[in-house]
Amino acid sequence: MLKTPIPSKTENLANTAFDALIRSLSRPGRIRDLPEPGETPIIAALLDRECRVFCADPLLMPQVLASGAMLSEIEEADHVFLGALTDPDALRPVRLGSDLYPDDGATVVVRARLGEGQGLRLTGPGIETGETVRIGGLPDGFWRLRRDLVCYPRGFDVFFVDGAKVIGLPRSTEVEVL
């Protein structure tokens, strides 16, 4: 007789967060709900023993270490948790992948204020004609530096987290600052 494994609370949290993250990247600019506030559900969804991670926020370090992911310098990290970003230059060393291996580009997680702050018009795959959003709490120059660093297919994907809300921007999304 076969038995179906029953997922644990941790597995359910990770699966629900992963679903929100995938949906947020497939429909850039649309706010999705995480199962819990903060980066913890994202850590549960993305990190495992095969990942290299950079974490700038010491408060997240216990969850990062519990995931089994390998700590690395930002230049080598698959996933980069920057917390509340104060200097856009923190993005400069993030892995961008290459034209042949765009999947080597990092995934960046940043805290932001969704629904307030800088107005943005998003276009690209997963967006019907254009999506207008407001993302605040980012340092001046963030969008200019992203534009300079991301040259599809090279670049990085970014998740903006505000409590239990998340917006994903894949590297394929064009951002116009309004």
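This is a short tour of a predicted model, stop by stop.

Local features here need pLDDT of at least 70, side-chain atom pairs count only at pLDDT 80 or more, and totals for chains, interfaces and linings use all residues. Residues are numbered from 1 along each chain as its sequence is written, and side-chain values use heavy atoms, with hydrogens and water left out.

**Stop 1: the sheet.** Show the strands (DSSP runs of E, at least two residues, numbered from the N terminus). Seven of them make an open, mixed sheet, ordered β1-β9-β8-β5-β4-β2-β3. Two strands pair if DSSP finds at least two bridges between them. Now select 32–33 and 70–71: these are β1 and β3, at the edges. Each has a single partner strand, so one side of each is left without a neighbour in the sheet.

**Stop 2: a helix on the sheet.** Select residues 9–26, helix α1. Helices are DSSP runs of H or I, at least four residues. Helix α1 packs on the sheet and touches β1, β8 and β9. Contact means heavy atoms within 4.5 Å. The direction of α1 makes about 45° with that of β9 (axes are lines fitted to C-alpha atoms, for helices over the stretch in contact; angles run from 0 to 180 degrees between N-to-C directions).

**Stop 3: two parallel strands.** Select 107–111 and 157–162. These are β5 and β8, which run parallel and are joined by five bridges. Find Val108: Val158 in β8 stands opposite.

**Stop 4: around Leu91.** Select Leu91. Beyond its neighbours within four places in sequence, Leu91 contacts Leu82, Val108, Phe142, Leu145, Leu149 and Phe156.
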